[in-house]
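I opened this structure today and kept notes as I went. The entries follow in the order I looked things up.

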Amino acid sequence: MNEKPFFCHPSSYIDEPCVIGAGTRVWHFCHIMKNAHIGQNCSLGQNVMVASDVVIGNRVKIQNNVSIYTGVIIEDDVFLGPSCVFTNVVNPRSQINRKSEYQRTLVRLGATIGANATIICGATIGQYAFIGAGAVVRGDVPDYALMLGVPAVQKGWMSRHGHRLPAPDAAGNLVCPESGWRYQEVASGVLRCLDWPESSP
């Protein structure tokens with residue numbers, strides 16, 4: 001008996017070849033297309049589509065009704081909220097084939113994209129950034145940035161634990177109310193975590 005190291009609900013389709021890591025769970029009515037690469041311990045909710053050549057890291061949580069199109073790269077520990085939207089062409093037309101013009105979208109380590117948010121292709125979403133529900137992102141997003149609105153604008157900073165960071169204290173630290181970890185804006189628009197881990201942003 002050759003059991004796969006991941007779970008796939010019988011209602012879902014997985015095209016070959018593709019890579020799906022151990023411990024990943026693919027729930028109802030999903031479609032994973034050939035040459036997709038999905039890491040370990042991910043969760044794909046109901047009605048998720050992963051297109052050819054998409055790369056998804058480890059421990060990624062994808063909620064219901066998300067389509068991840070060719071050109072999208074998702075790093076580890078990303079959360080994709082219900083019905084969030086990715087694109088891969090900026091000027092699509094039904095009559096014109098633009099597959100050669102697909103743009104890359106990169107969602108970096110630990111980022112969150114809220115329900116019904118739209119990410120226009122070509123953007124990089126920074127580490128631990130937080131895209132609010134319904135926001136429309138049209139460009140790059142800094143690490144830890146909180147992005148809200150249509151079009152999305154930065155409204156503050158978020159901690160790794162998912163809390164909006166308060167104003168700096170007397171020492172210039174922005175302190176997460178859950179973890180107590182300290183952050184500082186080390187340059188205009190550049191936030192760094194001072195406590196853990198030392199080697200990362």
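Is tryptophan 27 buried, partly exposed or exposed? I looked up its relative accessible area and got 32%, so tryptophan 27 is partly exposed. I keep in mind that this is a predicted model.

**Entry: aromatic pairs**
I searched the whole structure and found 3 aromatic pairs. Phenylalanine 7 and tryptophan 27 make a tilted pair, because their planes meet at 50° with ring centres 4.9 Å apart. I then checked where the two partners sit. Phenylalanine 7 lies in strand E1, and tryptophan 27 lies in the loop between E4 and strand E5 (31-32). They are 20 residues apart, and the pair links distant parts of the chain. Phenylalanine 7 has a relative accessible area of 34%, so I noted phenylalanine 7 as partly exposed.

Next I took tyrosine 144 and tyrosine 183. Their pair is edge-to-face, with 5.3 Å centre to centre and 75° between the planes. Tyrosine 144 is in the loop between strand E20 (136-137) and E21, while tyrosine 183 is in strand E24, 39 residues apart. Both tyrosine 144 and tyrosine 183 are buried. I also noted a cluster, in which ring pairs link Tyr128, Tyr144 and Tyr183.

**Entry: hairpins around E24**
I stayed with tyrosine 183. Its opposite number is leucine 174. Strand E23 (residues 174-175) pairs antiparallel with strand E24 (residues 182-187) over 2 bridges. The two form a hairpin with 6 residues between them. In that turn glycine 180 has a positive phi of about 80°.

On to E25. E24 and strand E25 (residues 190-193) run antiparallel, joined by 4 bridges. I found leucine 191 in E25 as the bridge partner of glutamate 185. This hairpin has 2 residues between the strands, and glycine 189 takes a positive phi near 80°.

**Entry: the sheet**
How many helices and strands does the protein have? I counted 0 helices and 25 strands. I traced an open sheet of 9 strands in the order E1-E4-E7-E10-E13-E16-E19-E21-E22, with mixed pairing. Its edge strands are strand E1 (7-8) and strand E22 (153-157), each pairing on one side only. E1 runs parallel to strand E4 (residues 25-26), with 2 bridges between them. Cysteine 8 stands opposite valine 26 there.

**Entry: the core**
I looked up the largest nonpolar core and found 50 residues in it. Ile56, Leu80, Phe86, Ile125 and Ile131 have the most contacts inside this core. Strand E8 (49-50), strand E12 (72-74), strand E21 (145-148) and E25 each supply at least two of its residues. I listed the contacts of phenylalanine 86, leaving out neighbours within four places in sequence; among them are Val66, Ile68, Tyr69, Leu80, Val107 and Ile119.

**Entry: glutamate 101**
Glutamate 101 sits in the loop between strand E14 (85-86) and strand E15 (105-107). Its relative accessible area is 40%, so glutamate 101 is partly exposed. Beyond four places in sequence, glutamate 101 touches Asn88 and Asn91. I took the C-alpha separation of glutamate 101 and glycine 132 as well, and it came to 28 Å for 31 residues along the chain.

**Entry: overall figures**
The C-alpha trace spans about 60 × 45 × 25 Å along its principal axes. I read 41% of the residues as buried. The accessible surface comes to about 10,400 Å², with 50% of it belonging to carbon and sulfur atoms.

Notes
Residues are numbered from 1 along each chain as its sequence is written. This is a predicted model: local features need pLDDT of at least 70, side-chain atom pairs count only at pLDDT 80 or more; totals for chains, interfaces and linings use all residues. Side-chain values use heavy atoms; hydrogens and water are left out. Buried means under 20% relative accessible area, exposed over 50%, partly exposed in between (1.4 Å probe, protein chains only). Contact means heavy atoms within 4.5 Å. Two strands pair if DSSP finds at least two bridges between them. A nonpolar core is a set of buried Ala, Val, Leu, Ile, Met, Phe, Trp, Tyr and Cys residues joined through side-chain atoms within 4.5 Å. Accessible areas come from the Shrake-Rupley method with a 1.4 Å probe; for residues, only the protein chains shown count as cover. Rings of Phe, Tyr and Trp (its six-membered ring) pair if their centres lie within 6.5 Å; planes under 30 degrees apart count as stacked, over 60 as edge-to-face and the rest as tilted.
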